[in-house]
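Have a go at each task before reading its solution.

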Amino acid sequence: MTKSTKNQERIQRFVCPGCSLYCDDNQIVFSKNNEILETYGLCLKGYKKINEINSKNRIKNPLIRKNGVLKEVSLDEALNKVKELINSSQKPLLYGFVNTTCEAQINGIHLAKKINGFIESNASICHGQTYSNVIESGLNSTTLNECINKADVFIFWGSNAAESHPKFLTRTIFSRGKFRITGREIKTLILIDPRETATYGVAGARDLYLPLKPGKDLELIQFLKDMILKEKSEVPADGFVGIDKQDLNRFILNLKGSENGVILFGQGVINSNPNGNVIKALIELVDLINETSKRSRFSIIPMTGHNMNGFIQVSLSLLGKMGQIEFSNNQLVESKKELISKIKDDEFDMSIIVASDPISNLPITLSSKLTKKPIIAIDCFITPTTRLADVVLPVAIAGIETDGLVYRMDNIPMNLQKIIDPPANLPSDEQILLKIIQKMEE
Ligand code: SF4
């Protein structure tokens, strides 16, 4: 939407790329000189995201490490160095691809194929295992709009929406939706977390906080299944896995009696039991509720990060798989390894990192291994990864300085729209990856 008034040149609708909620209810007011004057609708996280355009940490020129120091060079010199590093590599590793667009993800996969690399996104250390289960068992899922209009019970399980996806609560729990004249007063919030997170701060009298003991998610799910199947009939008097009897009974009543419930689970569930299949059990629990309850209908939405779902959609549609993507002789081959074991077992000899900061985010045992091999980093900002890279290719900020497709946390495709030109005419992730592909063909 564009509107002109006397003093301001235009107001533009803006899809925020700040998290996987990709809120499309924001507006930006531009001056006649195309400077951002004001923003409406953004949460603090989204506001910080848009302010990245003024970040002092912005990288505006390509960099190459010379005598141990990163030096500014021309794009052509940087691309020649990239080609040299790739040509001397037998086992390149490509990683990241979440804080970017599907177009960049597609080019990342094309590049991996061309250079016989192994490619995974950040999903491999996050919701990758969720979607591996979904491929096998399916998922009773729903959309954000259904949550807004129909959901009456919201269960945040090992996820802290108030911080990870700040407008989720205002857009769903605090909204009325199309079909009701009531709002928050008929919506129940249930928080399952060992910690009282920021989301706990919005809980009211009708809501429930269940302080589940760490690592006990699988036990709780099995207990709930037994209660629903009537293999257990009573909650122990002293409660179960840290939750008191009365609260657990209320929780079970909500599972059996809600009109339209949704479970939004996050990293807390994934990390709770790395050796047990807690995601599979959660999917089965929801299937069981839907099969056995006359009244209740439950759905699951994994609280993914940024465009994680985009990489899953793109890789599934291009290759039929979403992880352990490895090429040899420019063909997809079976790989028994995933990102962590590849790094752990030193099965790579260089890395190309796109829109990610694994030096900060991976455990030190893995990140230190990355630093021992050449790193090509494609990023907008100075990060620990770009600081340690051998080549840094700066890019425009996806969704602010470039257009592009992304998939929202509920797997709805959304178009991000460029609102401002990047500094120094920087290319997008998509364009720089294409330039590398073209350079390799010269
Ligand atoms: S919730 Fe996420 S997408 Fe929505 S405005 Fe905040 S940061 Fe942006």
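**Exercise 1. Is Val-269 buried or exposed, and what does Val-269 touch?**

Step 1: count neighbours. Val-269 has 26 other C-beta atoms within 10 Å, so Val-269 is buried. The cut-offs: a residue is buried with 20 or more other C-beta atoms within 10 Å of its own, exposed with 12 or fewer, and partly exposed in between, with C-beta atoms placed from the backbone.

Before going on, note that this is a predicted model, where local features need pLDDT of at least 70, side-chain atom pairs count only at pLDDT 80 or more, and totals for chains, interfaces and linings use all residues. Residues are numbered from 1 along each chain as its sequence is written.

Step 2: Val-269 sits in helix 10 (residues 267-272). Helices (H or I, at least four residues) and strands (E, at least two) are DSSP runs, numbered from the N terminus.

Step 3: list the partners. Skipping residues up to four places away in sequence, Val-269 touches Trp-157, Gly-158, Asp-217, Val-278 and Leu-282. Contact here means C-beta atoms, placed from the backbone, within 7 Å.

Step 4: check a residue farther off. Ser-175 is 94 residues from Val-269 in sequence, and their C-alpha atoms are 27 Å apart.

**Exercise 2. Which residues have the most contacts inside the largest nonpolar core?**

Step 1: define the set. A nonpolar core is made of buried Ala, Val, Leu, Ile, Met, Phe, Trp, Tyr and Cys residues joined through C-beta atoms within 7 Å.

Step 2: The largest core has 121 residues, and Phe-154, Ile-155, Ile-263, Leu-264 and Leu-282 have the most contacts inside it. Helix 11 (residues 278-292) gives the most to this core, namely eight residues.

Step 3: zoom in on one of them. Beyond its neighbours within four places in sequence, Ile-155 is in contact with Ile-190, Ile-192, Gly-261, Ile-263 and Leu-264.

**Exercise 3. Which residues of helix 2 are buried, and what do they pack against?**

Step 1: check the length. Helix 2 (residues 75-87) has 13 residues, so at 1.5 Å a residue it should span 18 Å; its end C-alpha atoms are 18 Å apart, which agrees. The expected span is 1.5 Å times one less than the number of residues.

Step 2: the buried residues in helix 2 are Ala-78, Leu-79, Lys-81, Val-82 and Ile-86. Seen down the helix 2 axis they fall within an arc of 155° and so line one face of the helix; the arc is that of the directions from the helix axis to the C-beta atoms.

Step 3: turned away from that buried side are the exposed residues Asp-76, Glu-84 and Asn-87.

Step 4: the buried residues of helix 2 pack against several elements, including strand 5 (63-66), strand 7 (92-96) and helix 17 (429-441).

Note on methods:
Contact = placed C-beta atoms within 7 Å.
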